[in-house]
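Here is a short briefing on a protein complex. Keep the sequence and the structure in view while reading the points that follow.

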Amino acid sequence: MQSVATPTKNLETIALKVREHIIKMSTDGGCFVGASLSAADLIVYLYAEFLNINKHNLDDPNRDYLFLSKGHDVPALYGTFAELGLLDPERLKNHLSVNDNIYWHPNTKIPGIEFHSGSLGHLPSVAIGVALDLKIKGSTNKVICIMGDGELNEGTCWEAVLVANAYKLDNLIFVVDRNQFQANMATEDLIPLEPLHDKFTAFGAAVKRINGHDFDALHNAFSAYPFETGKLNVVIADTVRGKGLPSIERRADRWFCNFNASEVNDLLKELHGEHLTQLTSETLVVR
Amino acid sequence: MTYEELLTEIALSDERFIVMTAENRALVRNIPGKLGNRFIDTGITEQTMIGAAAGLALRGRIPVVHALASFLSMRAFEFVRTDAGIPNLPIKLSSFIPGFLSDGNGPTHQALEDISLMRGIPNMTVFAPADEDDLVKMLPQIWNHPGPSYVRINTCKTAHTHTPFELGKAEIISTGDDVTILTYGLLFEQALIAVEILKNEGLSVGLVNMRSLKPVDERAILEATRNSSLTVTLEDHFLTGGLYSIVAEVLLKHGLTANVLPFALNERWFKPTLLPNVLQHEGFTGKQIAEKILGYKTFYRQPEMAVPQFSE
């Protein structure tokens, strides 16, 4: 297991780069920038520190698995892959290009993406299938499924928790990107999820709730894996939608964004703390 | 050999096979004890079962999954399409009590659009054996074929002995100049009865057991429509999207038309009752089929039919 002390500074540097990639992808068609920014630290931490996944073992049955179920946060994954050497950073310029396969939801034509997603509530069960096979074989690989909090509206997420509990899948970690928003509004204003910790506990999971932007907190939580023998692990990562860009943080209307070129330049400066961006581009309502 | 014996034999000889069910154990009662942790019952969660099957298939497994036909094909449809169809994974769907086989359950359990839905999924293959003998002859190839499959499980016994199965090929039982009946699944037995009656009435009659609905045997369809004055499509499925539609698609693709009489359920569900009564009530007994083709009543007696034992 990795040490708790050293990695943090490096991770912050990587995460900042990943956020730059996300912002650069939020133009010329745009992307789900808010959800990507909330999940960025989580995804960076997991790939850079926790998971046994690298460009040399993507087909190795002994690798760990990460499934991105919320899917529309895939710019954070592309950015992480670019920074960790799994994907040529130049390819990110092909976002939405007909000549590449880098689009709004994950697909397996990108090396390192284990399964396509976009339809919510699917990958918890796919992750269960992988975890079941590892249990049958007695393998010790870890399996992670990142879900959105809005995604938890889908009944199949809860079916999956029931089944993971029944099969005592302590090799499986469900991570909830708890950014407090679903597509159009705050989760608590539409389909309230709280008390979320208690819900998962009642379903038989071993739950940790942490600040999803604090690398030390992430490291402490994941270092405790498996949380409890025979129990599904759940990490509720409290995050901020749009994290890193105060001008869009926690804004219900900034879910999918298609910024113009000058806004992208301003947002990149805003990311580095230079100023606040005056956004003029239209707020897109996708759903 | 029964379905369960075949599945047990194949799964025991090949570690890749995983037997799954969404708590529909009728076909796999004795398998848990034999397969141990390669038997997985996800409870009444058809969607989660399919998703988990996809995860297992990612790891090189071949999951054979069981649920009632209507829930497997409809409740879990989007999971089948998205998690088996898009990645073209070898998830093998065994659909229990499809079509008329749901007999007394009622319309919730009547899968009469499953062929239509499943064949609409890219990469999916679709099969409907005529009886248990046909079933065990077809399944080894289907299960060893790469990619997902949907099979209308039919364990009814008939007196017929089938020829070896070839994927994508129909079984030509007989050919005839006047009428050819194209059918699949449990109505094959009634088609045999109808053929006997029609032959006794002096007609030259062909019979084709379609077996493989996707890929479909286009040649069998084209030969039937070319060689016979009348082609009959006989199926326990809605008129839309099943064999009648398949025949229409094949003919149109080849710039042809034909004289086709469909037996199917047109915009309605069937009367829930025991299987022999379903057939009688809906006009699908061999005698009723023959008389509709002939256009007159006959003196033939409809043979008794065994009532399949229903169990969840």
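Two residues count as being in contact if their C-beta atoms, placed from the backbone, lie within 7 Å. With that cut-off, 23 residues of chain B are in contact with 20 residues of chain A. The model is predicted, and the predictor gives the complex an ipTM of 0.94 and a pTM of 0.96.

**Confidence**

- Chain B has a mean pLDDT of 97.
- A pLDDT of 70 or more is reached by 99% of the residues of chain B.
- Where pLDDT is low, predicted coordinates should not be read in detail.

**Where chain B touches chain A**

- Two helices of chain B, α3 (46-58) and α5 (77-85), each supply at least two residues of the side that touches chain A.
- The helix that gives the most to this side is α3(B), with 9 residues.
- Sorted by class, the side of chain B that touches chain A has 9 nonpolar, 9 polar and 5 charged residues.

**A helix pair in chain A**

- Helix α2 (residues 33-50) of chain A packs against helix α8 (residues 215-223) of chain A at an angle of about 55°, and their axes are 10 Å apart.
- Because of this angle, α2(A) is oblique to α8(A).
- The crossing of α2(A) and α8(A) is right-handed.
- On the α2(A) side, the residues that meet α8(A) are D41(A), L42(A), Y45(A), E49(A) and F50(A).
- Their counterparts in α8(A) are F215(A), L218(A), H219(A) and F222(A).
- The residues of this contact between α2(A) and α8(A) comprise 6 nonpolar, 1 polar and 2 charged.

**A sheet in chain B**

- Chain B has an open sheet of 5 strands in the order β7-β9-β8-β11-β12, and the pairing is mixed.
- At the edges stand β7 (171-174) and β12 (260-265) of chain B; each has a single partner strand, so one side of each is left without a neighbour in the sheet.
- From one strand to the next, the twist averages 20°.
- Strands of a sheet pair through backbone hydrogen bonds, either parallel or antiparallel.
- In chain B, strand β8 (residues 179-183) and strand β9 (residues 205-209) run parallel and are joined by 5 bridges.
- Within β9(B), N209(B) is the residue that stands opposite T183(B).

**A helix across the sheet**

Definitions and conventions
Residues are numbered from 1 along each chain as its sequence is written. Chains are lettered from A and ligands numbered from 1 in the order in which they are written. This is a predicted model: local features need pLDDT of at least 70, side-chain atom pairs count only at pLDDT 80 or more; totals for chains, interfaces and linings use all residues. pLDDT is the predictor's confidence in each residue, from 0 to 100. Helices (H or I, at least four residues) and strands (E, at least two) are DSSP runs, numbered from the N terminus. Ala, Val, Leu, Ile, Met, Phe, Trp, Tyr, Cys and Pro count as nonpolar, Asp, Glu, Lys and Arg as charged, and the others, Gly among them, as polar. Axes are lines fitted to C-alpha atoms, for helices over the stretch in contact, and angles run from 0 to 180 degrees between N-to-C directions. Angles under 35 degrees count as roughly parallel, over 145 as roughly antiparallel, 65 to 115 as roughly perpendicular and the rest as oblique. A crossing is left-handed if the near helix is turned anticlockwise from the far one by less than a right angle, and right-handed if clockwise. Two strands pair if DSSP finds at least two bridges between them.
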